[in-house]
Amino acid sequence: MKFFVDTAEVSEIRSLAEAGLVDGVTTNPSLIAKSGRRMAEVIAEICALTPGPVSAEVTATEYDSMLAEGRYLREIAPNVCVKVPLTEAGLRTCRALSADGTLVNVTLCFSPAQALLAAKSGATFISPFVGRLDDIAYDGMQLIADILKIYRNYPHIKTEVLVASIRHPVHLVEAAKLGAEVATLPPAVIRQLLKHPLTDSGLAAFLADWRKTGQSIL
Ligand code: G3P
């Protein structure tokens with residue numbers, strides 16, 4: 001499973017990349033706004049931190065403008081993945097950009113039908129938002145299961161399921177059990193994946209016993 005980091009905070013990405021935990025990055029207009037930085041500048045900086053796909057989302061809503069924005073964004077760096085919303089204009093833009101060989105991440109997916117349309121449009125990635133569905137008492141992980149089942153019925157579909165809107169480690173584990181290719185994780189959730197109280201207590205006990213020996217390895 002590929003781990004993408006869902007943030008536009010360069011310091012967070014750099015720290016996790018140094019730990020070998022970054023296979024790519026996803027941003028969206030809200031994350032860019034939160035960074036307080038110019039979009040092209042922060043995307044360029046992020047693209048230099050990882051060779052993996054870096055999602056940069058268009059903000060236009062009409063096809064011609066979306067396509068122009070997408071063509072601008074992809075020129076920022078070779079690993080830019082243009083992100084488009086799952087609308088008619090977004091899918092039309094996806095088809096045009098993917099035909100040119102541009103990576104495209106189709107986002108704001110909330111149904112299997114939407115995911116099938118994104119695959120038909122040549123999406124590189126589909127981003128179903130599990131957390132936002134859970135937030136309103138729908139079963140976000142069932143959407144992932146349904147999309148994967150549909151995609152696996154058609155071997156010609158190469159679109160990868162990029163599980164997004166992840167709220168906690170259980171989302172990640174369940175997505176991995178289902179075989180989703182990618183998960184995009186807030187930095188805090190990545191760090192939560194590491195944690196287990198028995199690891200901490202076990203290490204403390206090992207070191208306490210080791211100190212009693214009076215030895216040192218070096
Ligand atoms: O960036 C796409 C997605 O991960 C956003 O998730 O937390 O805003 O529901 P969230």
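For the classes used here, Ala, Val, Leu, Ile, Met, Phe, Trp, Tyr, Cys and Pro count as nonpolar, Asp, Glu, Lys and Arg as charged, and the others as polar. With that in hand, let's walk through this predicted model, starting at the ligand.

Around the ligand you will find Asp-6, Asn-28, Lys-83, Phe-129, Arg-132, Ala-164, Ser-165 and Arg-167. Sorted by class, this shell holds four charged residues, two polar ones and two nonpolar ones.

Now look at the contacts themselves. Asp-6 places a polar side-chain atom 2.7 Å from an oxygen atom of the ligand. For Arg-132, an N or O atom of the side chain is 2.7 Å from a ligand oxygen. Ser-165 also brings a polar side-chain atom to 2.7 Å from an oxygen atom of the ligand. On its own the ligand would expose 310 Å², and the protein buries 82% of that.

Next, step back to the space that holds the ligand, which is the largest pocket. This pocket contains about 260 Å³ of space. It is lined by 17 residues, and those closest to its centre are Asp-6, Asn-28, Leu-31, Arg-132 and Ser-165. The lining as a whole comprises seven polar, six nonpolar and four charged residues.

Note on methods. Residues numbered from 1 in each chain as written. Predicted model: local features only at pLDDT ≥ 70, side-chain atom pairs only at ≥ 80, totals over all residues. Heavy atoms only, no water. Near = heavy atom within 4 Å. Polar contact = N/O pair within 3.5 Å; in protein donor to acceptor, adjacent residues only side chain to side chain. Areas by Shrake-Rupley, 256 points an atom, 1.4 Å probe, with all protein chains shown as cover. 1 Å grid on protein atoms, 1.4 Å probe; cavity = no way out; pocket = protein on both sides within 12 Å on 5 of 7 lines; lining within 4 Å. Sits in = over half its atoms within 2 Å of the grid points. Points joined across faces, edges and corners; volume = space filled by probe spheres on them.
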